[in-house]
Structures are given as structure tokens and as C-alpha cells.
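Colleague: I should like to understand how the terms used for a structure follow from its values. May I put some questions to you?

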Amino acid sequence: MDQHSLLFQSMVYLAAAILFVPIAKKIGLGAVLGYLLAGIIIGPSVLGFIGREGEDIMHFAEFGVVMMLFLIGIELEPTLLWRMRNSILGLGGLQVILTGAVLAAAAYLFGQPINVSLALGMILSLSSTAIILQTLNEKGWMGTIAGQSAFSVLLFQDIAVIPMLAIFPLLATHVVADAAQEHSLRDNLPGWAQTLIVLGAVAAIILAGRYLIRPLMRIIARTRVRELFTASALLIVVAIAVLMNLVGLSSALGAFLGGVVLANSEYRHELESDIEPFKGLLLGLFFIAVGASIDFKLIVQNPWLILGLVLGIMAIKALVLFSLGRIFKLSIDQNLLFSFALADIGEFAFVLLAFSHQTRLLNAETTDMLTAVVAISMAFTPLVILFYEKVIQPHYTRSERTEDRKPDEITEKHPIIIAGFGRFGSMTGRFLRANGINATILDLDSDRVDALHNMGINVYYGDASRYDLLVAAGAATAKILIIATDHPDQTVDIVKMAQKYFPHLQLLVRASGNEDAFELMDLGVLHIYRETVDTSLRLGVDALRMLGGRAYKSERASRTFFKQDEKTLKGLSALRDDKKQYISSMKERIEEMEKLMAADRMKSWLDDRQGWDPDTLREEIRKTED
Amino acid sequence: MASVLINFAHPALEKSRVHAQLMPAVKSIPGVTFNDLYENYPDLDINVAREQKLLLSHDIILFQHPFYWYSAPAIIKQWIDLVLEHGWAYGRTGKALQGKVMGNIISVGGPEQSYSPEGHHQHTIHEFLLPFRQTARLCNMEYAAPFVVFGVHKYEYEDIREHSRQLTETIKRLQADNFNISSLSQLSYLYQILQLPAQTQQ
């Protein structure tokens, strides 16, 4: 068997992930560590299933990071960015500058020339967005102050990569003729043209996001072919990556920018849920690749030097972070988590190291050594956070409760989700909105979504029977799911999905008629609303009044009828259950109506409210007087 | 000429004998505004602005209803709760109803003698109507003596006709406005204004 075929490789990766991730989770190490372990084991150092290819895989797997940044971008609305401006610029900016300076000074003291020291300072000041966010998410700590602060810092770092890439060529002492192996449009151009190209690429992404992608999504949505949506979501990310590579910029950064541009779009949830599974898989692949790329031969040669470098760098980073945490008034335990989490060196270091090698800023030996250091420090992150969780956090659990914790920042997670915003759902939605309750709305009609979006309503395009879309809409934290779609089949799909994965949700379900109501009853839905019943009865009340009936009596009569009808329906549903058959033919439907009418006849519709009926009392009075 | 507003409340007029007869009689008096509360608000959702406007444009406000459980049908309570707003009907600045007259036209199951300290109900009808009297006082209104049809459980259709005629006469006398308004609260029952001497108003 060809060991290097794509299928075989895929099998090895997938099998390793499936084998090691559950084990790692089971013994409390977390998924990220599981992937890393899997990578180490199938890598050249242990089993050798993947060897040289590890590097190529790394290249491919970095696309997982690109997708992650796209998703981070798409979740970042400008308003949110603006609210976080202090922590992003202040905390993030200071972290990069201070850590960079301290590490550069350290490198200089160890005898590196000043330009190399500066480059190293910048490279090592970055932390791993992928590993840290994934680990914090896994623990559910993203909502904590430490999580939010870490997020801000990571965000700044990811943006800071652009100027770093611009500065590095300036630091290189040698003027390199053909340094870059990957050719980009920027090569052999004067400085001003390079700048223009970079700015042009950024502008292209923003303009395309605004004026090209949205109309395109609209057209695709109208075709109602689901795979096309996934394809176009992938295309957006891939196209951005290609464009950025073309002009020699970081594709992750371009994806981040593209995400931010699309953050306000009504297709946001849909894009998110389409990219999410790919991101998850590719990030896993990325972690495996990091594990596999750890060069144990190099480590065995200089074990103490490498271990010393890893621990030294992480200690310096943690110290700088901790002092910043103090300045920004984080409580001790949150500050420790913040410092521990961000102490590693990030995936962008791989990119920057390769780049510095190309520009001959760093020699091959240093580059290899540092690549190993970066990979090991990344592998340490989940371990360090595990250490924090098991050893440090227990000491602070009490103090955490007494201090006033800010509520988790949840943007646009409403207590109510409305699936389907047609003539039915829109009425309910308007009513709730008029009473100050905002709902997250999911709808499948792209024209309607556009129109509502323009009115400033939180409406998202998407099929609510999809698990990931419900998650994106906040089903985990919502209280009520109103299902008001036009198609009964779709309604049933959503009900089943919600019952299975979000049993805490109260389901309020529209049914078009008795048939649908029966089916929903069989599914155990408690709150069923047959769409025409209330209107028909309201009409009936008006008819009674026009014939001279008293308004209050007619009104009560309709309520009595309604309650009786619901009761009859439940009775029929029980009967129907015994037969377990779906009434589909017209003939059977007519039979059912006959049963309902027979039930109406049996019930006396005379008002049976004795309280207002003096007859018995009159009789009694008459008798006592006789 | 005083304007009269009748706020009528009967949840089951189709079962009524007394009010089924009193109602058309009262309704047909020229110049009387007949406000059928259960008919206008079958969902008990009172239009407060409309009701307040009606109050402002009338001098004499009478609640006509069966006397259920020593009180009125539910919608009258709802009406009082919502329409008589603080700052409008009562309170330091609530003077909108000042100088108006309020009263009740009620049908009662038991005979008059059962509404006495020695009787079946142990209190007079006036004592049971205390919440209405105090409501009127709080809203700066004169509370008129009640128009009461006692012992309706024993009545046959013809017996009610006399009461119907008496009520019509009483309301017409109220409209004529040719007596001393403050004497309304001195009477025992409202029909007694028919015996008051006519006065010319300045």
C-alpha cells in the first residue's frame, strides 16, 4: 500500500484524532492536548506514519488558523470592537511592546546582534490564538475577565503581525536578491508600489465584502441549494487567502479582515455555521501538525538549552503579562489565568521565523531551534492551563464568588428565537418587539431577510433545523423557541432537533391544521397553535353579534368552543395513536371533520354558568314561602 | 337640564328578567346616554379615555346593575379601578368630577325587610353600598340615594312593569334639574325625588 497516498494520510490523521482526543478528554487533558499527543505519536519521532510530509501538512493545516480568524472576525461587530478598544489597544499594545522589548533585551544580552534581537523580541511576543482560544473555550472560560482580556490581547497580536512583516525586511542587513521562495506580486517593486499593493488588497477585501459578497449570497440563497452556500462560504475564505498570498500578506489577517467586513451581514450566522466544521477539523489538523513537527532529535541533542529557552521565555512572558494584569486591575486568580494562558508562543511565529529565515535575518540553526521551542511552548499551554485549573484555581474559588463578577458578555443572544418570519411569525415577532422583547429571527426567504435587515431587525438567513445554526442563534442560552415556519415538514425537523439537543427550550409551535397538530402531539409538543382557529372563532363571534347576540356572551361562547375543541382534538389524537396511521386522504379528513361535528352536537352550547342563573334560587325561595 | 349617563352592567342579560325590562325603558328616555359596559368591552378591556370623556360630558352618573354578592358585576369594579385615575378623579389635583352626582340603580333578590339589622342579611342596603358612597365622596361627587328594586326573585314579568315606569319617571325628574341637588343624599331611595317640590334654578 502506498503510504503516502492522500487517502492513507487522511486515515492516519482522522484515526489518530478519534483515538487520542477522547482519551485526552477522558483523563481531563482536553482536546487540544489530545491532538498534540496524536501528532507526536504519529509523527516522525515515534511511529513515523507522517514524516517529511509533516511540513506540507503544516502548510495546509495553517488554513485552519485562517478559518479561525475569519470566524473571530465575523463574530466581531464594529460596535463590539469599539467597546473593547481600551483593552485591545491598551492591554494588547502594551503586551506586545513590553514583552517584545524585554525579550529583545534578553536576546541582546545573550550576544545576538541588535537587529536579530529585535526580530526575536517581536516573534516571541506573540501568543497562540488557536491553542489559547480553543483551550479557554473548552473550559468555558471565554466569558471570564481573564478570557476577555486574553481575547483582546490575541486580537491585537494578530493585527500586529502586519507591521511586523513590514519591519522585518528593514532589519535584514543583507540586501537579498532572491530570498523569497514564494513569489509574490510585491517582489522587485519599489517601496511605494509595495505599499500601494498592500493597501489595494485591503481595500479590495472591504469593498468586495460590502458590494460583491452580499449580493452574491443573496443570489445563492435564492437558489435554495444548501451545498452552494457552504461552497461559497469556503470560496470567500480561500479567495481571501489566495489574494493575500498574492500580495505577500498574511492570509489569516486577510481572513480576519474579511470576517469583520461580513460581521454585520444578515448571512453571518449562516457563514459561521458553514465554516465552523471545517475550522474545527483543520484546527485539529493544525494541532496534530504542531505535535508532529516537534523535532525530538534536536531536543535530544540540546535538551537543557531548549527546555531552558522554553521555560525562560514563558516565564518572562508570564511576568510581563502579570504586571500588565495588575495595572489593568485584574483580580489575582483571573490575572494568573491570563498570564498562564498567554505565556506561550504563537503560530504566527512559524510564519515570521520562516520569513526571517528567507530574509536571512536568522540562520538555519536558530530558526530550527526556535521552531522547536515554539512548538513545545504551544504544547505546554494546555498543560499550564490544566495546572492552573487543578492547583491554583481551587484556592480562589471562594474569593471569586465574593467579588462582583461582571456578567458574561453575550452579544445578540436573546431569550427568544423565532424560526420562520412569514405572516405568522412576523405577527408574533412584532408583538414581542412592541413589548420590548427582542428575538433572534431565523428565516429562509432571502428577500424577506434583506428587507428586515434593512429595517434594523436582528434577522438571519438560515435553516433553523440545523444544529449549528441553532447554536449560533444562541439556543443554548435562550428560553423559548417559537417555530412558525410555513412548511410542516420543516417544523417537525426543527422540533426534533430542538428536543434532542436543547431540551431546556420551551417550544411554541405553529401548526397549520389538525393534521399537523396531531403530529406535533405525537412528538410530545405541549404548546401547539393551530393557525386559523383564533381567527375563525373571532369571525364567528362577530357574526353572532351582528345577529343581535350579546357581545360578552358571544365572546365567552367562542372561548368555551375553543377549549372544547382542543379537548376533542386531544381525544381524537389518543384514538389516532392506537391506529398509528397518518390521515392523508381527503376521505379520511372528511371523516375526521364529521367526528368533530358530532362532538359539537353532543355538547350543549348553552351557557352553563350557574352563578348568573337565578332559577334555582327563585325556586328555593318559592318553596320556603309555601 | 341635567345630562344623565347610565353605566349598565349585566353579564348575562339573556337570562335577566328585571333588567331586560328596565333596560329598554331607560334607553328610550330622550337625552339619556346609555353605556352598555359588557357590550362595549366583552374582553373587559376598558377604553379609559372614552369613559373619562363620557364622565366629563355628564352631570349625573348612574350605575345600573344586578346586586351580585352585595356588590356589582365584575366589570363595574374593573371600570372603577381603571377609569377613576389618581390625579384625575381623586387626589390633590384630581378634581375632574367635582360637583357631579353618582348613584346606583340595582335589582336585589331579597325583600326590603331582609336588608335590616334584624333581617336575613343583617345590614341595610345603604350599608352594603358604602364602597360606592365613599368612592363618590373621594372623587368629590355627591352620592345620590340608590334606586333599588327589592325582592326580584319573587317577581313575575308584570310586577316589573311598575318599577320600570317608576325608574323612567325618576330619571326624567333628574334630567329636569328643578330641585335642590344636595337633597339627593338625604333621601332613602332615589324614587323619592318624585315627591320633592319643584324649584326654579337660578
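Colleague: In which strand is the place of A:Ile482?

Modeller: In this predicted model, A:Ile482 belongs to strand 4 of chain A, residues 480-483.

Colleague: What makes A:Ile482 buried or exposed?

Modeller: A residue is buried if 20 or more other C-beta atoms lie within 10 Å of its own. A:Ile482 has 25 other C-beta atoms within 10 Å, so A:Ile482 is buried. Leaving aside neighbours within four places in sequence, its contacts are A:Ile416, A:Ile418, A:Ala419, A:Gly425, A:Thr428 and A:Leu508. The C-alpha atoms of A:Ile482 and A:Val509 are separated by 5.9 Å, although these residues are 27 residues apart along the chain.

Colleague: Why are helix 10 and helix 11 of chain A called oblique to each other?

Modeller: The two helices, residues 226-246 and residues 251-262 of chain A, pack at an angle of about 130 degrees. Angles over 145 count as roughly antiparallel and 65 to 115 as roughly perpendicular; helix 10 and helix 11 of chain A are therefore oblique. Their axes are 8 Å apart, and the crossing is right-handed.

Colleague: How do you know that the length of helix 11 of chain A agrees with what it should span?

Modeller: At 1.5 Å a residue, its twelve residues should span 16 Å, and the end C-alpha atoms are 16 Å apart, which agrees.

Colleague: What makes helix 11 of chain A largely enclosed by the rest of the structure?

Modeller: Twelve of its twelve residues are buried, so helix 11 of chain A is largely enclosed. Among the buried residues are A:Phe256 and A:Leu262.

Definitions and conventions
Residues are numbered from 1 along each chain as its sequence is written. Chains are lettered from A and ligands numbered from 1 in the order in which they are written. This is a predicted model: local features need pLDDT of at least 70, side-chain atom pairs count only at pLDDT 80 or more; totals for chains, interfaces and linings use all residues. Axes are lines fitted to C-alpha atoms, for helices over the stretch in contact, and angles run from 0 to 180 degrees between N-to-C directions. Helices (H or I, at least four residues) and strands (E, at least two) are DSSP runs, numbered from the N terminus. Angles under 35 degrees count as roughly parallel, over 145 as roughly antiparallel, 65 to 115 as roughly perpendicular and the rest as oblique. A crossing is left-handed if the near helix is turned anticlockwise from the far one by less than a right angle, and right-handed if clockwise. The expected span of a helix is 1.5 Å times one less than its number of residues. Two residues are in contact if their C-beta atoms, placed from the backbone, lie within 7 Å.
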